[in-house]
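Here is a short briefing on one protein chain. Please look over the sequence and the model before reading the points.

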Amino acid sequence: MQPRIPRQSTTERDGANRVDNDARLTPELAAVVAGARRRALRDGDRQIDTAHLLHSLLESDPEVRVVFEGGDPQVARLLGYLVQRSIGYGLRWQSSVEDSGALPVLPGAVRTAGVAGAEGWSPVAAGALEEACERAGRRGDARARGVDLLAAIVRDPQSRAVEVLGRGGVDVGELPARLRMVELRQVGLMAAGCEECAGGVEGGG
């Protein structure tokens, strides 16, 4: 007997295409979101939640992984907890919706999720995606990166991702400061690159 695989509605498929092509996400973050969706579908979960997003971020975004003070061993421990969600503590999540109210779902969040009424997304995950885009905008970037999504996720102390981070020994309270360090380092690298390009142009003139 073949295992039952949840079927996606036309609305969900159309929404998936829209979020994968959302101009406000970097290609890398769009790939993270697509990976989270595939995992939720494969596991038979009713919605994409912040734990799915965290799992995909840790697997595919090097910039996110360096945020964790414990380095590769801590990331591996977190991935181990996330892999166990379908057989361990995550079983209780299957009968409930991730919605703590800390990140309200605004109309923009529904647009980001690309699904009418945020169908297929937990309210917290949809709100985090929208917050990630707004965070990038405040920084002056047109597209949100993985670190923006991580920062949005950890704003909600009741999110499933934060629960997993706590189980993995991560001090969530320190993450915002470490995220800022990553941002400053990125800005510094970009500035250095611009200066190098400018020097090359002047030298060539």
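Predicted model: local features only at pLDDT ≥ 70, side-chain atom pairs only at ≥ 80, totals over all residues.

Residues are numbered from 1 along each chain as its sequence is written, and side-chain values use heavy atoms, with hydrogens and water left out.

**Salt bridges**

- Side chains of opposite charge can pair when their charged atoms come close.
- The whole structure holds 11 salt bridges (a side-chain nitrogen of Lys or Arg within 4 Å of a carboxyl oxygen of Asp or Glu).
- One of them joins R155 to E131, with 3.3 Å from N to O. This pair links distant parts of the chain, 24 residues apart: R155 lies in the loop between α8 (146–153) and α9 (160–167), and E131 lies in helix α7 (residues 123–139). Helices here are DSSP runs (H or I, at least four residues), numbered from the N terminus.
- E131 is buried, at 12% relative accessible area. Buried means under 20% relative accessible area, exposed over 50%, and partly exposed in between (1.4 Å probe, protein chains only).
- R139 and D148 pair at 2.6 Å, N to O. R139 is partly exposed at 26%, whereas D148 is buried at 0%.
- R145 pairs with D141, and their closest N and O atoms are 3.4 Å apart. R145 is buried at 15%, whereas D141 is partly exposed at 30%. Shared partners join E63, R135, R139, D141, R145 and D148 into one salt-bridge network.

**Nonpolar core**

- The largest nonpolar core has 44 residues, and F68, L149, L150 and L165 have the most contacts inside it. Such a core is a set of buried Ala, Val, Leu, Ile, Met, Phe, Trp, Tyr and Cys residues joined through side-chain atoms within 4.5 Å.
- Helices that each supply at least two residues of this core include α2 (27–43), α3 (50–60) and α10 (175–204). The most comes from α7, with seven residues.
- Leaving out residues up to four places away in sequence, L149 touches L29, L53, L57, A128, L129 and A132 (contact means heavy atoms within 4.5 Å).

**Helix α2**

- α2 has 17 residues and spans 24 Å from first C-alpha to last, close to the 24 Å expected at 1.5 Å a residue. The expected span is 1.5 Å times one less than the number of residues.
- Buried residues in α2 include L29, V32, V33, A36 and R37.
- Just after α2, G44 has a positive phi of about 75 degrees.
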